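Have the sequence and the model open while reading.

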Amino acid sequence: PQSIYLKDYCQPEYWISQTELTFDLQDDATVVTAVLTLEANSAGAQSGVLELHGQQLELLGLTLDGDVLGTGRYTVTDETLSITGLAQQHFLTIVTRIYPATNTALEGLYRSGGMYCTQCEAEGFRRITYYLDRPDVMSVFTTHIIADGSRYPVMLSNGNCTADEMLADGRRKVTWLDPHRKPAYLFALVAGDLLNKEDRFTTMSGRDVTLKIFVEPQNIDKTDYALDALKRSMRWDEEVYGREYDLDIFMIVAVDDFNMGAMENKGLNIFNSSCVLANPATATDAAYQRIEAIVAHEYFHNWSGNRVTCRDWFQLSLKEGFTVFRDASFSADMHSATVKRIEDAKMVRTVQFAEDGGPMAHPVQPDSFIEIANFYTVTIYEKGAEVVGMIHKILGAEGFRKGSDLYFDRHDGQAVTIHDFVAAMEDANGVDLTLFKLWYKQAGTPVVSAAVDYREDEQALYLTLRQQCPDTPGQIGKQPMWIPVQLGLIAADGQDLPVQVAPALNTAGMETWTSASQVLHFTEAEQTFVFSGLAQPPVLSLFRDFSAPVKVEFQQSPQELLFRLQHDSDGFNRWDAGQRLMLDWIDQARLDEFELPEDARQVMVQLLTDETLDPAMVSYLLTLPSEAYIAEFSDPVDPHAIHLGRKRVRLAMAMALNEQFAACYQRLVSHAEYQPEPQQMAARTLKNLALSYWSVASDAGIRQALAQFGSTDNMTDQMAALVALINSGDDELAQQSLDAFYQQWQNDSLVVNQWLSVQSGSADLGTLSRIQQLLEHEAFDWRNPNKIRSVIGAFANQALCHFHAVDGSGYELLADAIIRLNATNPQIASRLLTPLTKWRRLIPELSEQMKAQLERVAAQPDLSRDVYEVVSKSLA
Ligand code: B3K
Ligand code: ZN
């Protein structure tokens, strides 16, 4: 397999102004007729050759302007169809046959359950017909679907339905026209026996939009929340970004077999059913929040992605980073902004930093790839969103809005680059972001170290910051970046002090300013800032609000950390201080029994009893870092030591605060009817955290978990109780509870997925033999990505003490699954490789075993591009 390079980008020789597609859905196969209106691109080459993409297609017919093309005029390979001798304008008709029922890769047109659906991003459209399957080729699509109307009463595509007729042979033909030019990756088709829930939305200019969610009949009672979230998203995008919806109808379809979360096809979003369906009995609060975020994300793509799209796939973060930033701001507005920030930072630190420090590290704007499907990464999405967030911090909310307005205005209907996005931000604000743009070009996580020197005679604090970004594959010797450092100075009474600061060196362009919490622009390898007017040494709070995706090396004593956990006015940094303390404790507890220090215990008691605090926030403050998070702060990584240390600290906290957790639980028990709304969710989060600690330390807690398990009306409480019972240490009780749960929910596949993952990802139960049993279970299905993630994904990413079994059996099981899936669903196979890419960071005895499994995968014949790229880069 070959690499593709950003530097090789050039415009296509032809544009396709109109695309007319006819899908004849037959039992054994689908025949697709594509009529393309070709127009020579005056800025492209002029060789008269058109090279179309195509994969796994049977070519049945080819005509040019009505005449059958002679065999001398075209060549077909596994991946292309080339036609020679073309002039300025043509109508090209291509007839192909495809096999949706045997399409297990879930790319292009495939069957999920009894329905047909599509997934075309990034390069799936080429599995439907021969086409210029690249995002800078934008076309007006007309789609005809012909099928047996009794078996497929619902037939959908993008845009508006313009005709619905009965053909002479009794089959039905439905026509959809999408007036908005779009790249092929936004094309969608759905056909099935579906029900829908309908609603309406009136846009800011008074237009009436029909909203519909289509589901399989058994799921019709699970659509309300997504519809509601959709309306909130539409309103929010009008209010915060001035963006209005542009078609008369907006549709969402839920499908069970889907490689990722959801897809923003124009006017016809297709969702993994797990990311859209919910009712109180079957979905947890976390699932509700995920649904809200993903519905918003896909909806926001209508502007950031669809109206303004990407020139090429190296620009993927243009739409993904920006849209993640937009959905994060939306979620922050709907719930607690601090909690949202904490969740995002946890994700960046745990998953993105790991990627950025491993063999797959790549810039937010990559310069090459082998398989684009491998680049839907946390770097493109989450780091990309952090980079947009830093622009927001630098420009302020108003300046950022000016920039986004200009961006949408200037580029509406175009396929553009990350450079164009930044240029709009610059032009709207008269700023120069040249230096800042390194964030898009340099891979790796910068490490910022901070040293302070308080000078009593000057009543000043000198802060020296140094930055260094490690080498990453293909990139050595990085430049210093523009890092926004939001900080505060805290007095002994816990109050923020006014910040009066001036750079000690390099004063060019920097003024002295005063405020309680400010953003320093740290742009050189080393810079010293002087804070004046300080009669006492303050406690420094650095990188408030996680103001940059960097690693921070700054020594603070346990007393200072505890002080900040109590007093920092920045909620994110309160959490961060607590996590740092806990990381230290876990480190100590690897070697010896651990007891919670008394001063920390007192602070935690205060947190648990202060009813004025946001319960969700308290819950985060008292949650230990996950094993994966701890691993990112360890070198080398010893998963078993991490597990032991964390377990000891957890027990120590549970014992020392047993009474308070019990009381907190009792205080938060509510008899109100379940609602998926922020206040109730926050209370349940803390209540169930209290239950988890309470049940670790005492039988009374376990009894309470059992009671909650059997008596609740909602999945949040039931699942929390089940987890507590699984962690009780009583294997019989754990198994009984799991059996009862399966008995209750075996007919609801989304709940069964939760049942699979809660045991597969459990440190207590997720043993190799259990995983092997679950892979044989009636509920498991190798064709369904959700099932694979629920068992194998949960095992390899969460049950770390079993996955890292010293005999290497966990790695072997994962490698077996990857080899199997390589043949059927390469994207999922490749995703599952992620845990194995970290082999270099492990302690030697594990590292060797893991590497051996990677080598075994690498040695397989017929590796897909997806798997080949990750395996070969990991071993390089
Ligand atoms: N744009 C899609 C992701 C497509 C992934 C293709 N392998 C979902 C999203 O980010 O909204
Ligand atoms: Zn997206």
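Start with Leu106, which sits in the loop between β9 (89-98) and β10 (108-112). Leu106 is not a glycine, yet its phi is positive, at about 60°. The model is predicted, and the points below are grouped by topic.

**Backbone geometry**

- Most residues other than glycine have a negative phi, and most peptide bonds are trans.
- The peptide bond from Glu121 to Ala122 is cis, with omega near 0°.
- Ala122 belongs to the loop between β11 (115-119) and β12 (139-147).
- Asp635 and Pro636 are also joined by a cis peptide bond, where omega is about -5°.
- Pro636 is found in the loop between α12 (627-632) and α13 (639-656).

**Ligand 1**

- Which residues surround ligand 1? They are Glu121, Ala122, Met260, Ala262, Met263, Glu264, His297, Glu298, His301, Glu320, Ala373 and Tyr376.
- Glu121 and Ala122 are both in this shell, and the cis bond described above runs from Glu121 to Ala122.
- Two elements, β20 (262-263) and α2 (285-300), each supply at least two residues of the shell.
- By class, the shell around ligand 1 has six nonpolar, two polar and four charged residues.

**Annotated domain**

- An unreviewed UniProt entry lists residues 225-436 as "domain: Peptidase M1 membrane alanine aminopeptidase".
- Over residues 225-436, the chain is 56% helix and 9% strand.
- The end C-alpha atoms of residues 225-436 are 40 Å apart.

**Helices α4 and α5**

- Helix α4 (residues 337-356) packs on helix α5 (residues 378-411) at an angle of about 125°, with the axes 10 Å apart.
- That angle makes α4 oblique to α5.
- The two helices, α4 and α5, cross in a left-handed sense.
- From α4, the contact uses Met347, Val348, Val351, Gln352, Glu355 and Asp356.
- From α5, the contact uses Val378, Thr379, Glu382, Lys383 and Glu386.
- The contact of α4 with α5 comprises four nonpolar, two polar and five charged residues.

**Helices α17 and α18**

- Helix α17 (residues 715-726) and helix α18 (residues 731-745) have axes that come within 8 Å and cross at roughly 150°.
- Angles over 145 degrees count as roughly antiparallel, so α17 is roughly antiparallel to α18.
- Leu722, Leu725 and Ile726 of α17 meet Leu733, Ala734, Ser737 and Phe741 of α18.
- How do the residues of this contact divide by class? The contact of α17 with α18 has six nonpolar, one polar and no charged residues.

**Helices α18 and α19**

- The axes of α18 and helix α19 (residues 749-760) come within 9 Å and cross at roughly 165°.
- That crossing angle makes α18 roughly antiparallel to α19.
- The crossing of α18 past α19 is left-handed.
- On α18, the contact residues are Leu738, Phe741, Tyr742 and Trp745.
- On α19, the contact residues are Val751, Val752, Trp755 and Gln759.
- The contact of α18 with α19 divides into seven nonpolar, one polar and no charged residues.
- Phe741 of α18 takes part in the contact with α17 and in the contact with α19.

Key. Residues are numbered from 1 along each chain as its sequence is written. Chains are lettered from A and ligands numbered from 1 in the order in which they are written. This is a predicted model: local features need pLDDT of at least 70, side-chain atom pairs count only at pLDDT 80 or more; totals for chains, interfaces and linings use all residues. A residue is near a molecule or strand if its C-beta atom, placed from the backbone, lies within 6 Å of it. Helices (H or I, at least four residues) and strands (E, at least two) are DSSP runs, numbered from the N terminus. Ala, Val, Leu, Ile, Met, Phe, Trp, Tyr, Cys and Pro count as nonpolar, Asp, Glu, Lys and Arg as charged, and the others, Gly among them, as polar. Axes are lines fitted to C-alpha atoms, for helices over the stretch in contact, and angles run from 0 to 180 degrees between N-to-C directions. Angles under 35 degrees count as roughly parallel, over 145 as roughly antiparallel, 65 to 115 as roughly perpendicular and the rest as oblique. Two residues are in contact if their C-beta atoms, placed from the backbone, lie within 7 Å. UniProt positions are given in the numbering used here, feature names are shortened, and annotations may be inferred rather than shown by experiment. A crossing is left-handed if the near helix is turned anticlockwise from the far one by less than a right angle, and right-handed if clockwise.
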